[in-house]
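Reader: I have a new model open on my screen. Could you walk me through it?

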Amino acid sequence: AKVFSIYCGVSENFCPFSEIDKENRKDYLKKKYNISTPYILDVSRLDPHKNIEILIDAFVILKNQYQIPHKLIIVGGRHLAEYSKMIEAKIKDKNLGADVIIAPYIENEDLPAVYNLADLLVYPSLLEGFGLPIVEAMRCGVPVVASDIPVLAEVSGGAAALVNPRDAKQLASKIFEILNNQKLR
């Protein structure tokens, strides 16, 4: 009876931008970080539990089967050398060098703009303690596709599309559905 959960929160600067503010930030993000719209966002380091490999597989499906114009922006950077090499080789092997951007370090004051200009956040993690990027994206009004694992189901509170994180086809299908269904977004 004495134990209760106190969930993480996000900074007040994570909020929806007006269309004018979004437009004003496009050139800035392009010049500073090489991030251009339209894009799908993933905020996580290149670590095995972040499931970037399946995300790349899903992105290949989105490009080949659905011909989406989006880029995939991965914010968080390289971490484990061997895994990072494997992901970079996969990007090269799939001819996605121009479409998958592993962003450099994004300054804290710029992160809300990166979220706001994304068409959606994809968070296919296999293991999380909390999943703060989901909350940051939702606070910015950005739709979320996340892994159907207990912590992310709890954190998203029914406001995210949850998918099997090991199924690239299901992930791609849900991303495409959200990109093309304004009511669902």
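Author: Happy to! Let us start with a term: buried means under 20% relative accessible area, exposed over 50%, and partly exposed in between, with a 1.4 Å probe and protein chains only. Helices (H or I, at least four residues) and strands (E, at least two) are DSSP runs, numbered from the N terminus. This is a predicted model, where local features need pLDDT of at least 70 and side-chain atom pairs count only at pLDDT 80 or more, while totals for chains, interfaces and linings use all residues. Residues are numbered from 1 along each chain as its sequence is written, and side-chain values use heavy atoms, with hydrogens and water left out.

Reader: Which residues sit on the face of helix 3 turned away from its buried side?

Author: Helix 3 takes in residues 81–93, and its buried residues are Y83, S84, I87, K90 and I91. They are on the same side of helix 3 because they cover an arc of only 125 degrees around the axis, an arc taken from the directions from the helix axis to the C-beta atoms. The face turned away from that buried side carries the exposed residues A81, E82, K85, K92 and D93.

Reader: How far does helix 3 reach from its first C-alpha to its last?

Author: The expected span of a helix is 1.5 Å times one less than its number of residues. Helix 3 has 13 residues, for which 18 Å is expected, and its reach is close to that, at 18 Å.

Reader: How many disulfides does a search of the whole structure find?

Author: A disulfide here is a pair of cysteine sulfur atoms within 2.5 Å. The sulfur of C15 has its closest cysteine sulfur in C140, 6.5 Å away, which is too far for a bond. The search of the whole structure finds a total of 0.

Reader: Where is the cis peptide bond?

Author: In general, most peptide bonds are trans. The cis bond has an omega of about -5 degrees and involves P38, which lies in the loop between helix 1 (19–33) and strand 1 (39–43). The residues it joins are T37 and P38.

Reader: Is N51, with its positive phi, buried or exposed?

Author: Most residues other than glycine have a negative phi. N51 has a phi near 65 degrees and lies in the loop between strand 1 and helix 2 (52–64). With a relative accessible area of 6%, N51 is buried.

Reader: And Q67, is that residue buried or exposed?

Author: Q67 is not a glycine either, yet has a positive phi of about 50 degrees. Q67 is found in the loop between helix 2 and strand 2 (71–75). At 55% relative accessibility, Q67 is exposed.
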